[in-house]
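Keep the structure open as you read.

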Amino acid sequence: MSSVSEAIAQRITLGYVAERYGFDLVPSFASAVTVTSLADDVDSVRPGALFIPQSKISQRVLAQVQEKGAYAAVLPHSMRPIMESPQFPVLFAEPTDQQLGLLASDIAGSPSNTLAVFAVGGENKDDVWANVIRLADFLHMLGNPVGVISAAGTTSLERTMPVTHPLGILDIQHILSVCAEDGAAAAIIALDDDTLRRGALQSVQVDVLGAEGSGAHRDREAYTEQLRKRYGFTLDRQATMSIRDEETDDLASQTDLVHDTDSQRHLSLSIAMVMAAGVRKPNIRSALRVSRELR
């Protein structure tokens, strides 16, 4: 199930969608029709939805989504001959992943612009997930409410979200919008194929990117570009991938939060990433000291 929920969505008109993205609206006088959600499968359709199927569909399916309350659909131009007199508004287009990401971000209220977005890569999914969990714990220690997007568990603050992985473009925008509405200060995304479909992070601005593994340590720029192309996120041109170094390893070793080499390197990467986000070393040392005292 992939959708951008109407509970979170901004309201946009079909005329706005047609003009901004270059889609052909039929009938043209439906430009004032307002949609409040996006859906790419029948089960996700809610009243007010703009239905954007992932592949060519039959008129029977189109009738189903209309019965479920969809206000309009995006269909390929190849269907235009059999849709000369559609029963409800149709936008004819072949949207690219980039266009779909922009539209989903639009209707979700551009949630990645209101959150500090951390993305974690690596060559081993178990390592990626462990680094995500450690980073979430560390951000909590620093006083930040966090959302997590990972096949090991997707949550908004303490609430588990009922999603099916790997996640697509609409799923990601929906989850980020829920995190923003719940009051999260940051969202952490696991960059692996069990968590994300290819291109799922279109129109997501990543603020801090971190990774472990030989690829990241050998050539950070090339590995960053590899991840960016695979998942579609944007990253500030001045930003560089965060990796562990002697300084962060030393800080990680000064706490009893770690019990073995693996947990120490996970904490070290978390420290590198929060430093890249602008957290100062005295604050990091203070958080580690408080945590040690509480234990």
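**Helices and their buried residues**

In helix α7 of this predicted model, the residues Tyr223, Thr224, Leu227 and Tyr231 are buried. Viewed down the axis of α7, the buried residues fall within an arc of 105°, so they line one face of the helix. An α-helix has 3.6 residues a turn, so residues three or four places apart point the same way.

The face away from the buried side carries Glu221, Gln226 and Lys229, which are exposed. What covers the buried residues? The cover includes two strands, β9 (116-121) and β15 (208-211). It also includes α6 (214-218) and β16 (234-235).

Check the length next. Helix α7 has twelve residues, 220-231, and at 1.5 Å a residue it should span 16 Å. Its end C-alpha atoms are 17 Å apart, which agrees. After α7 comes Gly232, with a positive phi near 85°.

Move to helix α5, residues 169-182, where Gln173 lies. Is Gln173 buried or exposed? Gln173 is buried, because its relative accessible area is 1%, and the cut-off for buried is under 20%. The Gln173 side chain reaches the backbone oxygen of Gln202 at 3.4 Å.

Finish with helix α9, residues 261-276. From first C-alpha to last, its 16 residues reach 23 Å, close to the 22 Å expected. At the start of α9, a side-chain oxygen of Asp260 comes to within 3.2 Å of the backbone nitrogen of Asp262. Buried residues in α9 include Arg265, His266, Leu269 and Met273. Just after α9, Gly278 has a positive phi of about 105°.

Terms used. Residues are numbered from 1 along each chain as its sequence is written. This is a predicted model: local features need pLDDT of at least 70, side-chain atom pairs count only at pLDDT 80 or more; totals for chains, interfaces and linings use all residues. Side-chain values use heavy atoms; hydrogens and water are left out. Helices (H or I, at least four residues) and strands (E, at least two) are DSSP runs, numbered from the N terminus. The expected span of a helix is 1.5 Å times one less than its number of residues. Buried means under 20% relative accessible area, exposed over 50%, partly exposed in between (1.4 Å probe, protein chains only). The arc is that of the directions from the helix axis to the C-beta atoms. Contact means heavy atoms within 4.5 Å. A polar contact is a pair of N or O atoms within 3.5 Å; within protein, one must be able to donate a hydrogen and the other to accept it, and residues adjacent in sequence count only if both atoms are side-chain atoms.
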